[in-house]
Amino acid sequence: MEFLSYFGEVFTPISMLLLIGGTVGGLILGATPGLSPTMAVALLIPFTFHLQPVHGLILLGAAYTSTVAGGAVSAILLKIPGAPANIATTLDGHAMAVRGQGARALQLAFLSSLVGGVFGVLLLIFLTPLLAQWALAFGPSHLFWLAILGVTVIGSLDSDSVVKGLLSGSIGMWLATIGYDDMQGVQRFIFHDALGGGVNIIAALIGLFAIPQVLTMFAKGWQDYGVESIEVQRHPLSAAVHEVFSRTRALTIGTLSGSIIGLIPGVGGQIAGLVAYDQAKKFSPEKDKFGTGHSEGVIAAESANNAMVGPSLVPLLTLSIPGSPTAAVLLGGLLIHGIFPGTDLFDNHPEVAWPFINSMLIGQILMCAFGIYIASFAARIAQVPQSIMAAAVLGLAVFGSYSVQQSMGDVYVMMALGTMMYFLERFGYSAAPLVLGLILGPIAESNFIQGSLIATAGNGQFQYFFSGALNLLLIAVVVVSIGYSAMMEIRNRRVAA
Amino acid sequence: MRKLIIGLAAVVLGMAGVAMAGNYPDRPIMLMVSYGAGGATDFQARIVTMTAGNEDALGMPIAIINKPGAGGRVGWNWFAKDAEADGYTLGAYNIPHFIAQSIKGGVQYDRDSFEPIANWGADPAVFIVGKNSPFNSMADVVAYAKENPGKLTFSGAGLFVGHHIAALQIEKAAGVKMQYVPTKGGGAAAMKAVIAGDVMGGVNNLSDAYRAREAGNVKILGVADVKRNEEFLPNVPTMVEQGLDVDDSSVNFRGIMVPKGTPPEVIGRLAATVPEMFKNKRVAGKMSAGGSPMHIMTRDEVLQMWKEREEYLGQLLQGL
Amino acid sequence: MTRVQHIVPSAIVTFVALWVCLISYTQQPSEPFLFPRLISTLFLALSLWTFGKAVLGLSKVGSGVSLAMMRNLAPGLIVSAIYVFWAAKTLGFYAASTVAFLTLLTIYDPSPHGSVNTWVRRIVITAVYIAVMYGLFAFVLKVYTPRGMFI
């Protein structure tokens, strides 16, 4: 309970000012297409040069939590996920916004972010030493099986056909191999200069989700301007609170899987939302409603991606190993003040470490309050005429994909992938499995190669990849997941026939 | 609106015209870092450029742009090929990385593609093992590797980067074969592999290893440099002290460069100002707080160093 | 959606898969292509399955394309392509975006093109949009966009 005594530091005027500034700024940066939480936090680092360590970290902590949630705003309103964490939010959130229920979607997103986020930070406060061991338990072979497990999830994710889902996933995994091979430095599948740097994940996300939506609006043509007829429903907050807590299953699945997956270094943050979404769908009696604007989808995805925030800092704070790119940036923020994270961080620098963590707790609440405040205005986006919407989203996609690393190549890749995705979607392929493939491909590949190298020096490949409790457990889950998908495919066929 | 835009365009073009004539720099400068945000190079680049906007420095802020991928190849390819040689696009270099990669081939740059400005830091590679490892000196490591050829696994941040060069040198000096495991995601991932026990040892940056040791997670067995690091690791012996003929070729030199073709007066202005900017007291304070060794070198010294490294690396990498 | 509409795209995907497979199995050095071989084999197997289903008329998913839809889409797609692949870099980001935004708005706006009010409205909307983009990307985020011939 030591952390309680450091709340005082968070409630000083300057801290509160930074906390509010960091939260609001983080939400705006997070909602900007192309600006991932990592970049947003990196942008704020120079400000902390001039602040005291504790104030600098309060700013960074608040910004980190709110950028992740801010990504939900553009995911829901514009169907542009700000970061891989928000992919799953677009699936149901945007469907709600189109129906004029943007306020409801945003309220649900921010409330479940709050629940997940607070749970994650509490885990960080109380279970850090235990969790650190868990984070270290994942070696190359386990990460490889985890990636394979993700691949098996692909089939059932947002696709009416398991085979087409898997096919979309394999297209994604192939796209991820374009560019330099990270281990050997050999060029693969580079047919055009724009592909020299490979397919940037953020640019690809923007293209794969935003462009099909723009083209769909174009395809409706100029006769179809009945958008003004969409009624933007005011959605009372109390109803949203009630809805979030009545969807206990989705909320629990999201929060727990987000916290567990968030811990795993190098993997967690990107896939937590998608995995939680998929699990919530599998356990839900209303599977068919997922993807059409179902509240469980938004709740599971958003509680998961904020639940991941706290645990993702465990390896950083205890072992000084940043488990995600954002954690790496935060490490920089600690180092410039001469604070070395490690097992004794809380003994040596409690006056910095605890206010930092506490600020993430308070930050969650501020973020939720501010997010809900803007929700009712933001929802009016559904009434914006499609001609304006299409042109505006296209422009945002171009600026956003360019600003990721100031590269025209990324913009070309974004547009090309997006146009391709539009046509693929018309024929039953879908973007979410493709993106998951794009994320998981490199994880599977690099861990497979590392594992093989270690195995060759040790007892051989089979021994390395197929022994040990964690390996066997993961393999068992993979088998169950494949079995489940096959069963669904057979059932679908029966229903169709 | 159109008129307004044309008018605005005219004003901007007019200003650009003035800018060409002199007055460099008159707008913010961009510094390309070919590693991700949060990596050691990125972190240090942000610190050493933080005073660029001061009047006694460049008078204009420097913004960091990350172009990570394939051990730096993606960023440096872009820098050699697409970056404008106007003095507003700077790049961070890592030696021996980019020279080793250009010798290995498959990239669009070599030593002649870039013009160095100044060096800010030198981060030697060190050999680390987990805190519970039976190895307590390089001699233990070499003895184990001699008995079990190819069985000793050790991690590093990729192929043809400083860590890999150190690994090759250690293997060559000891006359042993070990299993080098390159990781993806820089030094942090390689460090995690050592702490978690995925591998038996590893090569890592002195700054990161120092922090990991402070946190009680690793033991540092040797420094791959010509002399000990008195500031951070005064009691860790060098490789040479332990009988391994390993020099400072793997030391990760970090500094600023511009693309070939940048006007000589711009290079002159930068080469005169940037080393002074690095000497700023606040910069030195922040660098030392983070455990990052500084090593300031002028343009001429860097040119010489690049040349020496290229000659040596050409020999080391021959036949690989 | 007709059977042909299922066959043509799955044939294209299969063709891509074949080609990726071919590259993966023939490129040297072969080591970095180990993983691509694995994926491309999976890719090819799945695409052949899909193709087979399409030929047999078993494919059900997807809504396909229609001539009317393509006719609506074409002008927007062409303007977008010119904007992204040519104008953005050649003219400069903000100039190209202004032109592209106004053009797309004009094409897809149902209001009568003859009315002055319509045009005033379109130009004001474009100006506001570009101002917001400029404020966000150039001012707040300090992104240095390609300048091209204009800004």
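Let me start with one pair of residues: B:Met32 stands opposite B:Gly91, which sits in strand 3 of chain B. Keep in mind throughout that this is a predicted model.

That pair belongs to a parallel pairing. Strand 1 of chain B, residues 29-33, runs parallel to strand 3 of chain B, and three bridges join them. Strand 3 of chain B also pairs with strand 10, residues 252-259, of chain B. Here the two strands run antiparallel, with five bridges between them.

Now, is strand 3 of chain B, residues 89-95, enclosed or open? Seven of its seven residues are buried, so the strand is largely enclosed by the rest of the structure. In a regular strand, side chains alternate between the two faces of the sheet. In strand 3 of chain B, B:Thr89, B:Gly91, B:Tyr93 and B:Ile95 point one way. B:Leu90, B:Ala92 and B:Asn94 point the other way, and the residues of both sets are all buried.

Next, the contact between chains B and A. On the chain B side, 48 residues are in contact with 47 residues of chain A. Which elements of chain B give two or more residues to that side? The helices are helix 2 (40-48), helix 3 (73-81), helix 7 (186-196), helix 8 (206-214) and helix 10 (281-289) of chain B. The strands are strand 2 (62-66) and strand 7 (179-182) of chain B. Helix 7 of chain B gives the most, with six residues. By class, the side of chain B that touches chain A has 21 nonpolar, 17 polar and 10 charged residues.

Last, chain C. Along its principal axes, the C-alpha trace of chain C spans about 55 × 45 × 25 Å.

Two further figures for chain C. Buried residues make up 38% of its 151 residues. Of the contacts in chain C with a separation of 6 or more, 66% are between residues 24 or more positions apart.

How values were computed
Residues are numbered from 1 along each chain as its sequence is written. Chains are lettered from A and ligands numbered from 1 in the order in which they are written. This is a predicted model: local features need pLDDT of at least 70, side-chain atom pairs count only at pLDDT 80 or more; totals for chains, interfaces and linings use all residues. A residue is buried if 20 or more other C-beta atoms lie within 10 Å of its own, exposed if 12 or fewer, and partly exposed in between; C-beta atoms are placed from the backbone. Two residues are in contact if their C-beta atoms, placed from the backbone, lie within 7 Å. Helices (H or I, at least four residues) and strands (E, at least two) are DSSP runs, numbered from the N terminus. Two strands pair if DSSP finds at least two bridges between them. Ala, Val, Leu, Ile, Met, Phe, Trp, Tyr, Cys and Pro count as nonpolar, Asp, Glu, Lys and Arg as charged, and the others, Gly among them, as polar.
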